[in-house]
Amino acid sequence: MTDKTRAVSDENAARAVAARLSARTVAEAAEACGVSESTFRRWLKADNVAEMMREAVDEMVRGAVDRAVSTLSSAVDTIADVMADEDASPQVRLNAANAAINCYLRLSERRDVLSRLEALEEAEGL
């Protein structure tokens, strides 16, 4: 059996994931778990720890995306306010306009790509 497939106990897996996500380095995470760095690295290679890590990171990313989305309307309002502020310098207003246009173009492109991907998946029966 290889290190990659050897399971780590659920308790140690949870400790490893929590430590790795909160520590700056693997060495710090290992110390927090009270194990050697080599043991900790072996834990990280275990399938169940890797899966728990992916799930934890995915959850962190979802939370960050949710937070970003919740501030999007305010960000767009700020850009619009700067663009309309006649007391702002022309360069600042131009930068705000460029930010708004670039944001729209990126979002539009992503929406189009997602629509095409969904159509391809539907055609393939996925």
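In what order do the elements of the protein chain run from the N terminus on? They run α-α-α-α-α. That comes to 5 helices and 0 strands. Helices (H or I, at least four residues) and strands (E, at least two) are DSSP runs here, numbered from the N terminus.

A word on the source. This is a predicted model, where local features need pLDDT of at least 70 and side-chain atom pairs count only at pLDDT 80 or more, while totals for chains, interfaces and linings use all residues. Residues are numbered from 1 along each chain as its sequence is written, and side-chain values use heavy atoms, with hydrogens and water left out.

Now the overall shape. The C-alpha trace spans about 65 × 45 × 20 Å along its principal axes. The radius of gyration of the protein chain is 23 Å, whereas a compact globule of 126 residues would have one near 14 Å. That radius is taken over C-alpha atoms, and the globule rule is 2.2 Å times the number of residues to the power 0.38.

Next, the surface. The protein chain has about 9400 Å² of accessible surface, and 55% of it belongs to carbon and sulfur atoms. Areas come from the Shrake-Rupley method with a 1.4 Å probe; for residues, only the protein chains shown count as cover. Of the 126 residues, 17% are buried. Buried means under 20% relative accessible area, exposed over 50%, partly exposed in between (1.4 Å probe, protein chains only).

On to charge. There are 16 positive and 23 negative side chains. Lys and Arg count as positive, Asp and Glu as negative; His and the chain ends are not counted. The centres of the two sets lie 8 Å apart, with each charge placed at NZ of Lys, CZ of Arg, CG of Asp or CD of Glu.

Let's go to single residues. Val 17 sits in helix H1, residues 10-22. Is Val 17 buried or exposed? Val 17 counts as buried, because its relative accessibility is 7%. Which residues does Val 17 touch, leaving out those up to four places away in sequence? They are Val 49, Met 52, Met 53 and Ala 56. Contact means heavy atoms within 4.5 Å. Val 17 and Val 57 are 40 residues apart along the chain, and their C-alpha atoms are separated by 9.5 Å.

Now helix H4, residues 47-84, which holds Ala 68. Ala 68 is partly exposed, at 44% relative accessible area. From Ala 68 to Glu 51 is 17 residues in sequence and 26 Å in space, C-alpha to C-alpha. Thr 78 is in helix H4 too. Thr 78 is partly exposed, at 45%. Thr 78 and Asp 58 are 20 residues apart along the chain, with 30 Å between their C-alpha atoms.

Last, the cysteines. Cys 33 is buried, at 7% relative accessible area. Cys 103 is partly exposed, at 22%. The structure holds 0 disulfides, a disulfide being a pair of cysteine sulfur atoms within 2.5 Å.
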